[in-house]
Amino acid sequence: MPRSFRSLSSLFLVPLVAAVSFGCASATRMSPEDRAALDRGLSGPDAEQYLRVSAYLTPFFGDASKRLLTPYPPEDVRLVDDTQGKPINPGPVQATLPAGSRVRITKVEFPTAWVVTERVLYSPRTWPWVYVTVEGAPAGEQVVMVLPPNLDRQDAFRAELGNTLSPHPLTQQLNGFSAAVKEAVRTKTLVPDMPADAVRMAWGPPESVRRTLEGTAKNEEWRYTGERRKAFLSDGKLVRAEEAGKSVLP
């Protein structure tokens, strides 16, 4: 190539590299050392886990090569917004995986600047992704759990992951429930007098909890994202539950 053309191509290459490097800033505040340690630990010694809550398998927004694993129904998932700022539904439920299912973590991927540029635009590309294989999920599927983007320490990341995954089997806890409660947990439904632990395993952890006293009764109102779903407990037992303003208890 003539020298003049080599020089000209270099002038165009520099801005192009800069655009790729700086067009998408890193969306993680965790240090590279902590990120590497988490990936080594969670995909190595701590790779074997169990679903702490029953979860749905859905499409992964605009990325057809992956599936989303989430405790919440698609209409309550708040990971990606459209151009009007409204949440995008990831897609219909494809499978329900019960609490206690065996999980293996295969990779932990943080939204660094380079990673963000490689992810599909209409996906939660600025959030950390945890790649897993799950008992009961179709073989060969890339299954992803999405964690909040503001986790800046290893302990905070593990605590958030612990809302969905347990390092220990849940057999003993599940066997302590009645047959009706175990079936409700398996199908992500609720039944009257369900213990609080079983409600959490079925519907997932609430976004907020409001606690009140009524005489000697300790009442709790569990509100989920968007407040479309609510569960009401008294002394640790489910007494009422609503979805879109309608009762869901049989």
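Reply: This is a predicted model. The domain assignment gives domain 1 as residues 32-171 and domain 2 as residues 178-247. The centres of domain 1 and domain 2, taken over C-alpha atoms, are 24 Å apart.

Now the interface. Domain 1 puts 16 residues in contact with 14 residues of domain 2. Between them, the two domains bury about 1200 Å². Of that area, 58% lies on carbon and sulfur atoms. Three residues of domain 1 lose the most area to domain 2: Ser54, Tyr72 and Asp76. Together they account for 39% of what the domain 1 side buries.

Next, the helix pair. Two packed helices are described by the angle between their axes and the distance between the axes. Here the pair is α2, residues 32-42, and α4, residues 154-161. Their axes come within 10 Å. They cross at roughly 40°. That angle makes α2 oblique to α4, because angles under 35 degrees would count as roughly parallel and the roughly perpendicular range is 65 to 115. The crossing of α2 and α4 is right-handed.

Which residues make the contact? From α2 come Asp34, Ala37, Leu38, Gly41 and Leu42. From α4 come Gln154, Phe157, Arg158 and Leu161. By class, the residues of this contact divide into 5 nonpolar, 2 polar and 2 charged. Ala37, Leu38 and Leu42 of α2 are among those that count as nonpolar. Asp34 of α2 and Arg158 of α4 count as charged. Gly41 of α2 counts as polar.

Note on methods
Residues are numbered from 1 along each chain as its sequence is written. This is a predicted model: local features need pLDDT of at least 70, side-chain atom pairs count only at pLDDT 80 or more; totals for chains, interfaces and linings use all residues. Side-chain values use heavy atoms; hydrogens and water are left out. Axes are lines fitted to C-alpha atoms, for helices over the stretch in contact, and angles run from 0 to 180 degrees between N-to-C directions. Helices (H or I, at least four residues) and strands (E, at least two) are DSSP runs, numbered from the N terminus. Angles under 35 degrees count as roughly parallel, over 145 as roughly antiparallel, 65 to 115 as roughly perpendicular and the rest as oblique. A crossing is left-handed if the near helix is turned anticlockwise from the far one by less than a right angle, and right-handed if clockwise. Contact means heavy atoms within 4.5 Å. Domain bounds come from an automatic or database domain assignment. Buried area is the accessible area (1.4 Å probe) that two parts lose on being put together, summed over both.
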